[in-house]
Amino acid sequence: MKSHQWVKWVLFFTMINFALLGVVNYVVDPFKVFGSNFLPYQVQMNERFVKIEYIKKNHDKFNAYLFGSSRIGTTDPALIEQYIPNSKFYNFTVSSANLYDYKLHLEYFIKKQYPINTLYLQLDVDDMSIYGHQDADYLSKLHPEVTNEFTTLYYMKYLFGFFPMNTRVKIIDNMHMKKSKRRDIKKGTWSLASKEASLLKNCDEYVKNVSSFNTKHRRIRKYTTAEFSMKALRTIVKLCRKNNIKLYVFTSPHNQNKMDTFFLDDYNKYLRNISEITSFYDFTGYNSVTKDNCNYYEMSHYRPQVAKLIAARIFNDSSIAVPYDFGKYIEKGSMSGKE
Amino acid sequence: MLFNSYEFIFAFLPLVLIFYFYLNSIGQNRLSKLFLVSASLFFYAWWNVNYLPIILASMVFNYFVGKYLNHKNRHKKKMLTLAIILNLSLLSYFKYYDFFIENFNLLFNLNSGLLYLALPLAISFFTFQQIAYLVDSYRGETKEYDFLNYSLFVTFFPQLIAGPIVHHKEMMPQFAQNTNNRINFTNIAMGVFIFSMGLFKKVVIADTFSIWATAGFDVAPTLNLVEAWVSSLSYTFQLYFDFSGYTDMAIGIALLFNIKLPINFNSPYKALSIQDFWRRWHITLSRFLRDYIYIPLGGNRKGELFTYTNLMITFILGGLWHGAGWTFLFWGFLHGAALVIHRIWSKLGFKLWTWLAWFITFNFINIAWVFFRAKEWDDAIKVLGSMFSLDYIVLPNALISSLGFLEEFGVSFGFFCANIATSGVGDYLFVWLFLGFIVILFFKNSSEKLQTFNLNRKTAFFIAFLLSAGIISLNSVSEFLYFNF
């Protein structure tokens, strides 16, 4: 074969590869950005994209939002609505979210003039040094309208990217019709029905079988810098003030096993950083809720019953018995200078 | 601009290639060279345009000094010495100033301010390349070429950023040869072949290992025994596939322009001794260190003791060339010491079984890379401490039934790579490590494959697969490790 023919064959095969990849990505739609829906079970998705698409069509139905990582995903919007008259909440939980997401989404809602008068913002102390997402993280890519990216380029990346893990997961989920996790796009929440049932049936047995509850954790959460996160939090506070948005800030109640991974000094520094910017409710620490593994699905995600306690503490609901050591109000500036 | 980026593969490279050969096809050979120099400078300035005056000034200065050394007989040695000092001063100012001041402050308890200068890209590479040119000019080993050809020799974009470090005499004749101005499909086929292999090595293999290496070294104090070994091995593989992948890409791109660059890697992890390793790893740097440091110091001509001293000096300087830090210096020291020991060993006539020789050599290299990779001295010590300590061992849960009795000795069972292997790609960590060993030990390297590759549909399909896999993995763009050196 002559050299120029060989080069042509290379180009031909390369194009075939890209075409095949494009077809697979479109049909399987591992991140649900194409909405092709050839596969019925669509739990694995790029929530940031899907939720913005939903809000674009339904923003008039809501006037308040819950922002947070997947940990806030079990909080029913109705729970908060009962404390704030005339509010219509949407749970804008997105997995692995950090302050980068909250800031950009809030800016986007304001820019689009979507109604918003209350923001219920959950902060994860364990991720405070993380800001933004890796380019290769296609599950966490923000909607192109939020980041002002070219829409065509955005879709091209999903069409011609190589996602063996995500493709595999989606296919296997559909083959087994694994439906342990459900998402309610209309509310924005997620739920784990089978785990919830197991916990209700026999909590001790459940806890015994979840590895993160039974692993001896070491302190690895180093304090690097939360500079970008704090800058974003400052912006959020300013935006809320400027746009008359009532802001509720609180920290996730990290399970004791998660707390075991923090260096105490670093953890305190994060809390102090937040308190320098805004008042907030702190649910972190070793308390009767976080020390009880039955309140969690695993060491990262708390159950809806914890969401009720959080809301009851924040809204001072005396009808619910909130453990005395769970959650305390930190006044802005009150932690400055304290070690 | 990175070789492994959309803008390079789909815009810069095809446009430069087309326009370069178009200018040649209409007889504008000098204009085509001028265009290639301009394109190379654009490529260089893509990261930071502020670096551009530095490389331009360095190029002009060295060209005229080289010219002087070629023509004049008076004060040649003084001129060469002065020029080398100025080149090294430039490099030292940007690369070593803060390092020296930090240590000076520490030693004399002072508080002199640091400059925190950004290291101009590729300064180590183009400085060494031009020092070699000056020495060759002094020795009368260079021919007279004009400034345009010299500029192309220094700036030619495939090798500008991270080598291979090329000799004046192996590049200039190629640039001057008129037959190289025409499109040559044989070279294009070979170029596509080796570029695709390099892209795959870098983007698919090295970047996967980098996930575990980075995760491990970021949490150095908390690694258990298995994690520490996995982290160090991941970095060992990452560095090889990253740098040799980059070199393959550079060789492939140069071939598209009918320029042959020297090979830089020859299956280094197959080495059976440390001397063998340095004949296979970063060959053009080893060649530079030998020709311009070791031999001028006296090489092995002044007795054994001087030979050992010269080896140590050469490798300590080689370590410092890679970075301004005690970890790099110590890495160089370790390699120098290993070469001295190997030399004594060989003199005494000792020989090892092949597998044992490989095992010792590979493990030495792997351990020494820990110093090379660690951001701080403490991190290196902690990773090495975990690699050789039995205090913190975690074994897979699956072994608890058979090895449960070890719990009495402090061994625990659970997720034994929790610190470095996140879910997803982490599930395949050990498969990747196993395949990594297979590839480095039993596969031909890309240069060997290039010598024997046939033009047929099978190879076209294979290369198309590597190229496609490389391009579709570009979304996780990362820089080459050697950009920092």
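The model is predicted: local features need pLDDT of at least 70, side-chain atom pairs count only at pLDDT 80 or more, and totals for chains, interfaces and linings use all residues. Side-chain values use heavy atoms, without hydrogens and water, and residues are numbered from 1 along each chain as its sequence is written.

Chain A holds 14 helices and eight strands. These are DSSP runs, numbered from the N terminus (helices H or I, at least four residues; strands E, at least two). The radius of gyration, taken over C-alpha atoms, is 22 Å. Along the principal axes, the C-alpha atoms fill a box of roughly 80 × 50 × 40 Å. Of the 339 residues, 54% count as buried (under 20% relative accessible area; exposed is over 50%, partly exposed in between; 1.4 Å probe, protein chains only).

R234(A), K238(A), R241(A) and K332(A) form a positive surface patch. Patch residues have over 30% relative accessible area and no salt bridge, and like charges are joined within 9 Å. A salt bridge is a side-chain nitrogen of Lys or Arg within 4 Å of a carboxyl oxygen of Asp or Glu. K332(A) lies in the segment after β8 (328-330). K332(A) is partly exposed, because its relative accessible area is 47%.

A321(A) sits in the loop between α14 (304-314) and β8. A321(A) is exposed, at 72% relative accessible area. A321(A) and I236(A) are 85 residues apart in sequence. Their C-alpha atoms are 32 Å apart in space.

Conventions: Chains lettered and ligands numbered in written order. Patch = residues over 30% accessible without salt bridge, like charges linked within 9 Å, V, L, I, M, F, W, Y side chains within 5 Å. Areas by Shrake-Rupley, 256 points an atom, 1.4 Å probe, with all protein chains shown as cover. Lys, Arg positive; Asp, Glu negative; His and termini not counted. Charge placed at Lys NZ, Arg CZ, Asp CG, Glu CD. Rg over C-alpha atoms; globule rule 2.2 N^0.38 Å.
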